Amino acid sequence: MTSVSNDRLLSMSGITKSFGSAQVLSEVSLELASGQILGLVGENGAGKSTLIKILTGLHTADSGSILLDGKPVVITCPADAEALGIHVIHQERYLAPQLSVAEQLYLGLGKLGGAWVRRGRLEERASADIKRVTGQNIDAALLVGQLTVAQQQLIQITRAVLSEPRVLILDEPTAPLAAGEVEQLFGTLRRLQEVGVGIIYISHYLQELNTITDRITVLRNGRNAGEVSLGSGDTLDDVVELMVGRKVVEFDHGRTPRSPQTEDAALKVTGLGVPRALNGLDFQVLPGEVLAVTGLVGSGIEILADALTGITKRHGTVEVKGGRVRDVADFVARGGAYVPSNRRRDGIFLRNTVAENISVTALSKITRSLGVIAPALENKLAQRLINKLDVRPANGSAIAGSLSGGNQQKVVLAKWLASDASVLVLDQPTSGVDVGSRAQIYAQINELVDGGAAVLLISVDLEELVGIADRTLVLYRGNIAAELSGNAVTTEKLLAIASGTNGAAELSAKATNPINVRQDA
Amino acid sequence: MTITQQPQKNLPAPRSETRELSPVTVPRRWRSLAPRLIAPVALAAILLGFSLLSPVFLSVGNLVGVLGQMAILALVATGLTVVVRAGGIDLSIGVAVDLAALASAALIADGYRAWVAIVVGLFFGLLVGVVNAALIVGLRIPPFLATLSVWFIGSSVQQLLTGGGAPIYLSKPRVPIEFALLGRGYLLDVDGVIVSAALVALFIGALLGTTRWGRSVTVTGEQPTAARISGLRINRITVSAYLLCSLVGGFAGVILASRTNGFVPGSGQAYLMDAIGAVFIGATLSRFSRVSVPGTLMGVLIFGLLSNGMNLVGLSFFWQGLGRGVVLLAILLLGVLLSRNLPSGTGILTRLFTRPAARSTARTTT
């Protein structure tokens, strides 16, 4: 027993699980040593989530065994898992929006103190804990529902760390986080690693796995597809190949920056301001170009798309194709499209069919006399776009909420193809989307732009920006800190400006070398 | 044995081949069908049970009688279906019924012509909707609380207007024939109110189920912000839903006045609770747990046949509430139990207590 206890913290073997007649996991095994960070990857639907749910007691395996410290354990409910020190940070943030940050943080941890809870002291301690774990300042008196998605994620991470886990599972932890916060998270994970915590890290961002993990387990179609050790000669391309069973090209590199077709802006923003978030931004997007905007949490990028489209109150003017936009209905009527970052709440109608989701922006096109919708027209429209974007299942009457994240996002995009939108505002369009779907979404964006659409891409995925943007604005504390264009964009440079480590002086110094970097204050 | 059921997935196949094997659709289709059968099964059980207990229950005369008694409830519940579909609730629909009945009865009593009484009655019903829409869309008060306030206020208003709740009775000779026909006429030997209720239900059902407006109402009710982002003017849509709801309530009120030949304060409010029950029973029929006019009518039928059956077997009035409550609870509970683990968004009930289209914009320092 002693020989294995330290080496193999957790071992799952022969895990098989089926729902009805559909087998989602067959004979899957996973090994985790203490102090190890294990990557777990696979396309959406490969069985990662089911495997984790079995480990955390949300599902029970049909067969197979789980050993902790070499001893078999039985996990039938989440409380079992927590008692064994297995903690998980889910992709969907299971938080209580009506609790304060401090309450949420210590809920169920038994660390609230005695019978009386001193609110002020609790909040102080919560703020300190959050600062220690994530490096962020978050006011612990706020309600969880008032936080941004990224901040909620940080709360969840803090909470998991405070519970002193033995095995920590992170499911897409960085999807909503900006680069600087990712670094901070990695620092936290490495500290946990040093004290012997075993960490299972699930992510679609393969670059992150490269940075943080020792070993990667790849699942495909509910089976072990293989193991990759990045340290010993394997590359990320090997991971991708194992995941999809073929090679994937995400970005067609080597393309030249597009030359916009006209000088008339498709989207013109003047003095866009939101109190305490954005300080009067000016920019424009020409037809046939992708303007990207990036920045850290707190830089204002979380609110930018909402402000621009008129979902939240704002100052300043927004013009789409020369016409001033007052609210979001105006924006859409003038050919605007908005893919919001919170897909499950604002992007997709979870309880409607895929066809209903797609046709919602094009109701006038499928309506006959007396305002009656023609089902044949609706199905035809939906089917055409489902095929075009390769939505799976390719069935317009499927309930949208039952689709995987990547396919849901394709449906959201399809909705805007249905409306023939030509000015697209995409807020984190590939967050939580698998590699295959991501490539399809990029291909679709490129096709639209080549056809003359203007795209404003708001993203914290720097790889994505470098791969797809013609120009990139970097926000820092509500202002445009820099505008980079074309080949001048590198992830290192974006990160430096966004995190404020690259001061204005240094930036202007650099601007003397490559001609297309300029400062825009 | 299970081997034959397993899809062949061990080949590292190109993705197109795995397309049909999306792992959850097959069992989910069956699992999602079960909760939708609860209400029809309940209805069948009621029909079967009471037909065994009472010989007259299944007679044509009795069943048609039930439909006639249910017509006003059906109208009220149909109106309510519209606002619940739009993600709201209208506790004040009974007030719309009462005010419409009060206005039309009072005008007939004062000797006005039938069409004046009807139009003013409908207008009084609509007025309730205008107030609701102003509170909910204009002032962003959660629909449950806004309409609850209007219910209280409306109850008082009708007491005050009738001088402390004195009923209005119309003497038959003074009632114009057109007005009398509305609630007591017959069309080809069918009780006229059944025809009216059926036509209104058909119209609203078609409106919700097949038109662009209905689709807009539906998606607004599901996820208001997502509907807004899709370019729908959700404020207008919500307003239209509340107006239509109270207009239908007003129509029910006018028919009530004609049928009962007068007005008794508070008589419309009696329909509210049954209507809410019927609407939510109806939601179990849909695979999206969505309320619909056909579902609502099934709920109305369940309540109607249940009370009729309980009357026929001689169950005292005091036991009937218990019977209704148990049936409602059983249907909704089974619905919840059987539809667990199915994909769904926020439940209808939780949304009634939240602000419409609320969206946080809170910011913190970094």
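The part I would like to see up close is strand 13 of chain A: which strands is it joined to by bridges?

Reply: Some ground rules come first. This is a predicted model, in which local features need a pLDDT of at least 70, side-chain atom pairs count only at pLDDT 80 or more, and totals for chains, interfaces and linings use all residues. Residues are numbered from 1 along each chain as its sequence is written, while chains are lettered from A and ligands numbered from 1 in the order in which they are written.

Now the strand. Helices (H or I, at least four residues) and strands (E, at least two) are DSSP runs, numbered from the N terminus. Strand 13 of chain A covers residues 290-294. Five of its five residues are buried, so the strand is largely enclosed by the rest of the structure. A residue is buried if 20 or more other C-beta atoms lie within 10 Å of its own, exposed if 12 or fewer, and partly exposed in between; C-beta atoms are placed from the backbone. Both faces of strand 13 of chain A are covered. Val290(A), Ala292(A) and Thr294(A) are buried on one side. Leu291(A) and Val293(A) are buried on the other.

Next, its partners. Two strands pair if DSSP finds at least two bridges between them. Four bridges join strand 13 of chain A to strand 18 of chain A, residues 454-458. These two run parallel. Four bridges also join strand 13 of chain A to strand 19 of chain A, residues 471-476, again in parallel. Val293(A) shows both links. Its bridge partner in strand 18 of chain A is Ile458(A). In strand 19 of chain A, the partner of Val293(A) is Leu473(A).

Four bridges join strand 16 of chain A to strand 17 of chain A, residues 423-427, and the two run parallel. Val339(A) has Leu426(A) as its bridge partner in strand 17 of chain A.

Now the packing. A nonpolar core is a set of buried Ala, Val, Leu, Ile, Met, Phe, Trp, Tyr and Cys residues joined through C-beta atoms within 7 Å. The largest such core has 192 residues. Those with the most contacts inside it are Leu424(A), Val455(A), Val76(B) and Ala275(B). Helix 11 of chain B, residues 234-260, gives the largest share of this core, 16 residues. Apart from it lies another core, of 69 residues, among them Ile15(A), Ile86(A), Ala102(A) and Met243(A). Two residues are in contact if their C-beta atoms, placed from the backbone, lie within 7 Å. Leaving out residues up to four places away in sequence, Leu424(A) touches Ala337(A), Trp416(A), Leu448(A), Ala453(A), Val455(A) and Leu456(A).

Chain A also has an open sheet of four strands, in the order 12-11-14-15, with antiparallel pairing. Its edge strands are strand 12 (278-285) and strand 15 (323-324) of chain A, each pairing on one side only. Strand 14 of chain A, residues 315-320, pairs with strand 15 of chain A over two bridges. Glu319(A) stands opposite Arg324(A) in strand 15 of chain A.

Helix 10 of chain A, residues 301-309, lies across strand 11 (267-274), strand 12 and strand 14 of chain A. It runs at about 115° to strand 11 of chain A. Axes are lines fitted to C-alpha atoms, for helices over the stretch in contact, and angles run from 0 to 180 degrees between N-to-C directions. Helix 10 of chain A is mostly covered, with nine of its nine residues buried. Among them are Ile301(A), Glu302(A) and Asp306(A). Just after this helix, Gly310(A) takes a positive phi of about 95°.

Finally, the chain as a whole. Chain A comes to 19 helices and 21 strands. Buried residues make up 52% of its 521 residues. pLDDT is the predictor's confidence in each residue, from 0 to 100. Chain A averages 79, and 83% of the residues score at least 70. Over residues 502-521 of chain A the pLDDT is below 50, and this stretch has 23 contacts beyond near neighbours in sequence. Where pLDDT is low, the predicted coordinates should not be read in detail.
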